[in-house]
Amino acid sequence: MEPISNIFVRPCKNLGNLKAIVSLNYYGLVIRGLKLSDGKNGMFLGMPARKRGEEWEDICFFLDPEMREKVTKRVLDEYEKVKEVANL
C-alpha cells in the first residue's frame, strides 16, 4: 500500500504566506487542514492545529522526520501542478 494517496491541494490567493490548504490520505487516514506556507526558509507544510489557551498545538504530527520530508515533497509536487493549472 502506497503511504500517501489522494492529495487534494486548494491554492490560496492573496493570503500572505499561506499558499494552499491541503487534504491527503495517509495509510487510509484522511488528514485535512494542512497548510502549505512560504516561510523564511522556503515552503513548509504546517499540520492541522487548534488553539489551547494562548498557544497553538498540532492535532496530528509526524514522529519520523524522514516521512515528514517525503509527505512534504509529494504535497509540493502536487502544488506545482495545481499552481500551473490555476495560473498562480
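**View 1. K83 and E80 form a side-chain salt bridge, 3.4 Å from N to O.** A salt bridge here is a side-chain nitrogen of Lys or Arg within 4 Å of a carboxyl oxygen of Asp or Glu. Because K83 and E80 are three residues apart in helix α1, about one helical turn separates them. K83 is partly exposed at 24% relative accessibility, and E80 is partly exposed at 36%. Buried means under 20% relative accessible area, exposed over 50%, and partly exposed in between (1.4 Å probe, protein chains only). The model is predicted: local features need pLDDT of at least 70 and side-chain atom pairs count only at pLDDT 80 or more, while totals for chains, interfaces and linings use all residues. Residues are numbered from 1 along each chain as its sequence is written, and side-chain values use heavy atoms, with hydrogens and water left out.

View 2. D77 has a relative accessible area of 36% and is partly exposed. Helices (H or I, at least four residues) and strands (E, at least two) are DSSP runs, numbered from the N terminus.

**View 3. R50, R52 and E57 are linked in a network of salt bridges.** R52 is exposed, with a relative accessible area of 52%, whereas E57 is partly exposed at 28%. The structure holds six salt bridges.

**View 4. The largest nonpolar core has 17 residues.** A nonpolar core is a set of buried Ala, Val, Leu, Ile, Met, Phe, Trp, Tyr and Cys residues joined through side-chain atoms within 4.5 Å. The residues with the most contacts inside this core are V22, L24, Y26, V71 and V75. At least two core residues come from each of β1 (4–11), β2 (18–26), β3 (29–39) and α1 (65–86). Leaving aside residues up to four places away in sequence, L24 touches S5, N6, I7, L29, V30, I31, L34, V71 and V75. Contact means heavy atoms within 4.5 Å.

**View 5. L45 lies in strand β4 (residues 42–46).** L45 counts as buried because its relative accessibility is 3%. Not counting residues up to four places away in sequence, L45 touches L34, K35, L36, R68, V71, T72 and V75. L45 and S23 are 22 residues apart along the chain, and their C-alpha atoms are separated by 11 Å.
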